[in-house]
Amino acid sequence: RNDIIEPWLVLHIPPMAYRIFGIIWLVGFVVILCWKVISHLRFRKEVLKDSYPVTDPAILELWKREQELIERKKPVPLVYSPHVATPLTVGKWNRTIHTLLPERSYTMTELRMVFRHELRHVQRLDVDSKVFYGFCEAFCWFNPLVWLAMRKASADLELSCDEMVVY
């Protein structure tokens with residue numbers, strides 16, 4: 001048949017090169033994955049190191065109501081941390097999850113917005129998405145576009161939570 005197109009260039013790669021590239025990729029994958037896990041665990045340990053529970057009854061009541069709105073069965077501990085500059089939630093499993101507030105004063109309206117934002121992350125299991133992003137970065141460690149895409153996707157998670165809260 002005349003409709004078969006012949007390639008104009010064919011590269012032959014020796015089998016040993018496949019093995020070498022495979023080993024290089026595997027080492028890169030393991031190193032990046034371990035680096036991601038270890039750096040997260042160190043960060044978590046650092047931000048929780050000197051944390052202490054929120055004790056203000058009005059704040060705790062608001063926190064409880066916001067958790068009830070998302071029908072959260074297991075309460076998320078709310079703590080102050082001197083090591084954070086902005087509110088955040090860390091942890092994947094019920095026993096490890098914490099919401100941290102910086103040591104500063106907020107109005108009740110600000111707290112309501114902060115709580116709704118952080119609880120949307122919990123409700124949507126955004127930490128699972130971030131774990132997947134880390135896996136993708138490790139899997140495609142050699143591709144800078146994947147690193148850029150994962151950073152953009154992570155920023156989009158934050159923006160979508162903000163959008164839900166404002167809505």
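At 47% relative accessibility, Glu-68 counts as partly exposed, a class that lies between buried (under 20% relative accessible area) and exposed (over 50%), with a 1.4 Å probe and protein chains only. This is a predicted model, in which local features need pLDDT of at least 70 and side-chain atom pairs count only at pLDDT 80 or more, while totals for chains, interfaces and linings use all residues. Residues are numbered from 1 along each chain as its sequence is written, and side-chain values use heavy atoms, with hydrogens and water left out.

Let's stay with Glu-68 for a moment. Its side chain meets that of Lys-64 in a salt bridge, meaning a side-chain nitrogen of Lys or Arg within 4 Å of a carboxyl oxygen of Asp or Glu. Lys-64 is partly exposed too, at 46%. (Helices, of H or I and at least four residues, and strands, of E and at least two, are DSSP runs numbered from the N terminus.)

Helix 2 (residues 57-69) also holds Arg-65 and Glu-61, again four residues apart. Arg-65 is partly exposed at 40% relative accessibility, and Glu-61 has a value of 40% as well. The salt-bridge count comes to eight, and here are some of them:

| Salt bridge | N to O distance |
|---|---|
| Glu-68 and Lys-64 | 4.0 Å |
| Arg-65 and Glu-61 | 4.0 Å |
| Arg-124 and Asp-126 | 2.8 Å |

Next, the pocket. A pocket is an open set of points on a 1 Å grid over the protein atoms alone, with protein on both sides within 12 Å along at least five of seven lines; its lining residues have an atom within 4 Å of a point. The largest pocket has a volume of about 1,400 Å³, where volume is the space filled by probe spheres set on the points. Its lining takes in 43 residues, with His-40, Thr-89, Val-127, Lys-130 and Val-131 nearest the centre. Helix 1, strand 3 (88-90), helix 3 (108-123), helix 4 (126-139) and helix 5 (144-166) each give two or more residues to this lining. The largest share, nine residues, belongs to helix 1.

Finally, Ile-13 sits in the segment before helix 1 (15-48) and is partly exposed at 41%.

Definitions and conventions
On a 1 Å grid over the protein atoms alone, a cavity is a set of points where a 1.4 Å probe fits but cannot get out, and a pocket is an open set with protein on both sides within 12 Å along at least five of seven lines; lining residues have an atom within 4 Å of a point.
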